[in-house]
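My entries follow in the order of the look-up.

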Amino acid sequence: MASNEFQPLQGMSDIHAPEINLWRMIEERARTLFSCYGYEELRTPVLEKLSVFKRSIGDTTDVVQKEMYAFTDRGGRELALCPEGTAGTIRHLAGRGEEGLNARVFYIAPMFRCERPQAGRKRQFHQVGVEATGEPNPLADAECIALQQHLLEAWGLTGSKIQISTRGTLSDRQPVADGLRKALQPHLNELCEDCQRRIDENVLRVIDCKNEGCAKIVDRIPPAIEFMAEESRHYLDSVIHALGKMGIEVEVNPRLVRGLDYYVHTVWEITHGALGAQNAIAGGGRYEIALGKKAIPGVGFAMGIERVITSLEACGVTAEQFTPKGGVWLVSLGEEALAENMKLARELREKGIRCGMELGPKSMKAQMRKANREGAEKVIIRGGDELAKGTAIVKDMEEGSQETQNLADLEFRYLKLGF
Ligand code: HAM
């Protein structure tokens, strides 16, 4: 059997110990913080109708056109694996009527994009995200960015930067498209093939093009914000002002448009210097998504956990710091001691004490070696003698000292162990 028979698909990973301990920390702290801000968890299926993504993210975006795992199932239904979490969340909230129009939900889930894998770009990756529905309000956008900032701090991440911009209102779309098209027209032949098509189809995607030649032209034309109404610029100023009041600094990047079409008003991205070309750890913004008759307004963000981990490691936060260790190791000398230690292990675990033991006969040396490997703080040794006297030898692994103690003494069992 070829060795890659045991590997996951390209661009996908098994997540296991010790790294999984960093994932757990990230997820646990996110859940705790989201709860402080009044968000409830939502778990939607990884598979949705293709139309959910086409109608929300936009038919002409790269995510929909080039990156989705879309297929027709045996029943002839057009489906796709979720490439992001906002569309499925809004599909769910749209079904909850009035309640869905004023909701706060968060998700921690795998996402799928069939991109060319490279450092920081995977085909299955994981997002921690939130969505808060409700009418546009700069304070809601500012609170969302503040929550994101708070989360980065809770994880111990330093050195990230927030870039912010605006996509304007729905009524800005036409003047922005007209203005950008006019400015790009003289450079039409210098644009990449995709952008020559995009200029008519969805001109904002030209602004977002990663091609170096296109980026140079985009740098020379006025940013989209210049074609927007005063009201839209004012909205962005209000968001920045509210953030300033909370001591959160942002950098305005008028060329930031984001690659998803549902955005209106505020958009932002968080970058970190430890990442290479794929330097965004998070993206977010305000949006309006119409899956039913009525558009649902909301604001949210998503952070890529894999990229957060790369950035955390660069800040000296490692999986090792969150790997469970310590506790008690029970050493059994003889079959009877083994059975008695099973009982003791159960009692200790009931008290929430991390406790391990070998389940078969092993030499004392082998058992002590295992206790060491497991990082046990105390080792409790029992054989025929100790069982007869109702005692145990307790060894402190750090100090190397040991003493015989009376097992019947509860204080010894649960308090003197130091847990
Ligand atoms: P996004 O910018 O497409 O936004 O993705 C958010 C984050 O997911 C990125 O900043 C990045 O950290 C991570 N990410 C995206 N693609 C990949 C990939 N191929 N490999 C590894 N990580 C990746 C959204 O998904 C929006 N739904 C965010 C949002 C929520 N806007 C409003 N609400």
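The notes below treat the conventions, the domains and then the ligand site.

Conventions. I worked on a predicted model, in which local features need pLDDT of at least 70 and side-chain atom pairs count only at pLDDT 80 or more, while totals for chains, interfaces and linings use all residues. Residues are numbered from 1 along each chain as its sequence is written, and side-chain values use heavy atoms, with hydrogens and water left out.

Domains. I noted domain 1 (3-169 + 228-320) and domain 2 (325-414), with bounds from an automatic or database domain assignment. Their centres, taken over C-alpha atoms, are 48 Å apart.

Ligand shell. I found 27 residues around the ligand, of which Glu 84, Thr 86, Glu 115, Lys 122 and Tyr 263 come nearest; a residue counts if one of its heavy atoms lies within 4 Å. By class, the shell holds eleven nonpolar, eight polar and eight charged residues (nonpolar: Ala, Val, Leu, Ile, Met, Phe, Trp, Tyr, Cys and Pro; charged: Asp, Glu, Lys and Arg; polar: the others, Gly among them). Strand β10 (280-289) is one of the elements that supply at least two shell residues, and its seven residues are the largest share. Strands are DSSP runs (E, at least two residues), numbered from the N terminus.

Polar contacts (pairs of N or O atoms within 3.5 Å). I read 2.5 Å from a ligand nitrogen to a side-chain N or O atom of Glu 84, and 2.8 Å from a ligand nitrogen to one of Glu 115. A ligand oxygen lies 3.3 Å from a polar backbone atom of Ala 282. The protein buries 95% of the 660 Å² that the ligand exposes when taken alone (Shrake-Rupley method, 1.4 Å probe).

Conventions:
Polar contact = N/O pair within 3.5 Å; in protein donor to acceptor, adjacent residues only side chain to side chain. Helix = DSSP H or I, 4+ residues; strand = E, 2+ residues; numbered from the N terminus.
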